[in-house]
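Reader: Please take a close look at one part of this model, the site of the ligand. What surrounds the ligand, and what space does the ligand take?

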Amino acid sequence: MSDCIFCKIAAKDIKSATVYEDETAIAFMDVNPASPGHTLVIPKKHAQTISEMSADELGNLFRAVSKVAAAIKKALNPEGINILQNNGSAAGQVVPHVHVHIIPRKSGDGLLTPWKPQPAGDELAEIAARIKSAL
Ligand code: 5GP
Ligand code: ZN
């Protein structure tokens with residue numbers, strides 16, 4: 001996509017601090033990191049959300065995520081790592097090109113506010129059945 005910032009990064013038309021690249025994916029440092037080492041991994045081929053990607057394409061993307069997360073663990077030794085991937089603006093997606101956040105964490109950094117767990121209601125079984133029948 002010609003006006004997509006992450007396509008431009010993948011094509012090297014825009015500079016990024018790239019840490020990993022293979023045939024289908026590229027990983028670079030987030031320009032506004034949540035924590036030191038915050039890295040983004042993207043497919044080179046444009047897709048807005050994971051619904052537009054095949055299982056093989058997602059497999060390739062997450063193989064790259066696994067490599068980069070292991071390198072972050074080795075290089076920076078964070079206490080924890082979040083793997084985060086937003087689909088749609090309601091889910092917090094700002095850049096409309098699939099990207100996986102790898103976010104190094106330390107205890108008490110308060111970066112990601114956890115949701116408030118609620119006991120499952122009566123609808124749980126019905127929702128599970130709807131998902132199951134859609135598979
Ligand atoms: P989203 O909210 O869409 O899941 O996350 C988009 C991420 O992309 C943000 O963390 C933001 O800092 C990062 N970002 C946006 N534009 C650029 C850019 O031009 N270069 C880099 N390296 N990161 C970017
Ligand atoms: Zn794109």
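Author: On a 1 Å grid over the protein atoms alone, a pocket is an open set of points where a 1.4 Å probe fits, with protein on both sides within 12 Å along at least five of seven lines; its lining residues have an atom within 4 Å of a point. A molecule sits in a pocket if more than half of its atoms lie within 2 Å of the grid points. The space taken by ligand 1 is the largest pocket. This is a predicted model, in which local features need pLDDT of at least 70 and side-chain atom pairs pLDDT 80 or more, while totals for chains, interfaces and linings use all residues. Residues are numbered from 1 along each chain, chains are lettered from A and ligands numbered from 1 as written, and side-chain values use heavy atoms, without hydrogens or water.

The volume of this pocket is about 310 Å³. Its lining has 20 residues, with Phe6, Asp30, Val31, Asn32 and Leu40 nearest the centre. Helix 1 gives the largest share of that lining, three residues.

Around ligand 1 there are 16 residues (a heavy atom within 4 Å); Asp30, Gly92, Val94, His99 and His101 come nearest. Polar contacts are pairs of N or O atoms within 3.5 Å. A nitrogen atom of ligand 1 is 2.9 Å from a polar backbone atom of Met29. One oxygen contact, at 2.9 Å, is to a polar backbone atom of Val95, and an oxygen atom is 2.8 Å from a side-chain N or O atom of His101. Taken alone, ligand 1 exposes 520 Å² (Shrake-Rupley method, 1.4 Å probe), and the protein buries 81% of that.

Notes
A polar contact is a pair of N or O atoms within 3.5 Å; within protein, one must be able to donate a hydrogen and the other to accept it, and residues adjacent in sequence count only if both atoms are side-chain atoms. Grid points are joined across faces, edges and corners, and a volume is the space filled by probe spheres set on the points. Helices (H or I, at least four residues) and strands (E, at least two) are DSSP runs, numbered from the N terminus.
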